[in-house]
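Here are some notes for a colleague who has the coordinates open and wishes to check them residue by residue. Please read them alongside the display.

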Amino acid sequence: AVTELFYDHHCFDDRCFMDFTNSTGETDWPRRPNGRINQFDSKLMHWRSQQIAGVMQQLGTVVHKHGKHLDLDVRVSRDDLTRNSAENGQDYQLLAPHIDRFVVWEYFALKNLPPESSGRVAAYFDDEYGPGRSILSIGLWSKDEFSLGFWRRAPAFIDADQLRRSLYAARLGGANDVWITPAKELTAEHWQVIKDWVLDKNISTGSDINAALAAEHLTQYTLD
């Protein structure tokens with residue numbers, strides 16, 4: 001998989017400016033009322049996504065020529081899934097023709113979201129691109145940190161129950177392919193959850209997850 005290929009906040013030099021103006025017909029970067037560049041302007045996001053799509057087109061041509069698959073890590077537009085990570089230069093619609101699968105960064109805990117939000121993300125990709133076109137990458141990282149003393153901080157990770165809820169929500173949302181990262185942080189309790197999830201073909205997961213999923217509205221792709 002290709003990873004970390006984003007175009008979110010870098011490069012406003014003369015070379016990029018010339019390409020942007022030639023591509024869009026604009027005479028300046030899109031700006032906010034205070035004069036700062038508006039990185040969420042639709043033309044800028046589309047132009048950036050075109051640059052990434054061009055790279056993936058070239059990679060895809062070579063990879064597919066040799067009969068291999070090409071996967072791409074993508075971020076999620078948390079407040080509005082339908083924006084398709086265009087703010088990161090990753091408009092899924094432009095990328096889809098050139099890759100085989102999206103590896104979707106479902107790092108819910110870093111955004112202080114409940115594990116059940118994985119179901120909404122899974123449902124969106126299943127609805128928009130169909131089965132087999134995405135891998136839901138569930139992140140173990142948590143936004144919380146713990147102290148190591150002397151001003152040092154260490155990352156914290158979700159517990160086994162949070163992983164359980166995320167996995168079952170993802171399955172109910174339509175995710176067929178899931179991976180969990182970083183694997184080196186998996187505990188014995190995490191592994192037991194994964195085993196139970198793999199062996200459990202019945203996705204009736206209990207009142208706790210089902211009630212939370214009902215509140216998540218799997219087909220509502222924007223957050224209020």
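The points below go from the basis of the model to the whole chain, and then to single residues.

1. Basis. This is a predicted model, in which local features need pLDDT of at least 70 and side-chain atom pairs count only at pLDDT 80 or more, whereas totals for chains, interfaces and linings use all residues. Residues are numbered from 1 along each chain as its sequence is written, and side-chain values use heavy atoms, with hydrogens and water left out.

2. Overall make-up. The chain has seven helices and six strands, where helices (H or I, at least four residues) and strands (E, at least two) are DSSP runs numbered from the N terminus. Read from the N terminus, the order of the elements is α-α-β-α-β-α-β-β-β-α-β-α-α. Of the contacts (heavy atoms within 4.5 Å) between residues at least 6 apart in sequence, 71% join residues at least 24 apart.

3. Surface and burial. The accessible surface of the chain is about 12,200 Å², and carbon and sulfur atoms account for 52% of that area; the areas come from the Shrake-Rupley method with a 1.4 Å probe, and for residues only the protein chains shown count as cover. Of the 224 residues in the chain, 42% are buried, taking buried as under 20% relative accessible area, exposed as over 50% and partly exposed as in between (1.4 Å probe, protein chains only).

4. The nonpolar core. In soluble globular proteins, nonpolar side chains tend to be buried together. Here the largest nonpolar core has 42 residues, and the members that touch the most others are Y92, F102, V104, F125, L136, L163 and L167; such a core is a set of buried Ala, Val, Leu, Ile, Met, Phe, Trp, Tyr and Cys residues joined through side-chain atoms within 4.5 Å. Leaving out residues up to four places away in sequence, V104 touches V74, V76, V121, F125, S134, I135, L136 and S137.

5. Helix 1 against helix 2. The axes of helix 1 (residues 14-24) and helix 2 (residues 42-65) come within 11 Å and cross at roughly 110°, so the two helices are roughly perpendicular to each other. On the helix 1 side C16, D19, F20, S23 and T24 take part, and they meet K43, L44, W47 and Q51 of helix 2. The residues of this contact comprise four nonpolar, three polar and two charged.

6. M45 belongs to helix 2 and counts as buried because its relative accessibility is 9%. Beyond its neighbours within four places in sequence, M45 contacts Q39, F40, R83, A86 and E87. Its C-alpha atom is separated by 9.0 Å from that of S85, which is 40 residues away along the chain. S85 is in the loop between strand 1 (71-74) and helix 3 (92-95), has a positive phi of about 60° although it is not a glycine, and is buried, with a relative accessible area of 0%.

7. N112. Is this residue buried or exposed? N112 is exposed, with a relative accessible area of 56%, and is found in the loop between strand 2 (101-106) and helix 4. N112 has a positive phi of about 60° although it is not a glycine.

8. S118, in helix 4 (residues 117-129), counts as buried at 0% relative accessibility; not counting residues up to four places away in sequence, S118 touches E106, F108, L136, S166 and A170. T181 and P182 are joined by a cis peptide bond, with omega about -5°, and P182 is placed in the loop between strand 6 (178-181) and helix 6 (188-199).

Conventions
Axes are lines fitted to C-alpha atoms, for helices over the stretch in contact, and angles run from 0 to 180 degrees between N-to-C directions. Angles under 35 degrees count as roughly parallel, over 145 as roughly antiparallel, 65 to 115 as roughly perpendicular and the rest as oblique. Ala, Val, Leu, Ile, Met, Phe, Trp, Tyr, Cys and Pro count as nonpolar, Asp, Glu, Lys and Arg as charged, and the others, Gly among them, as polar.
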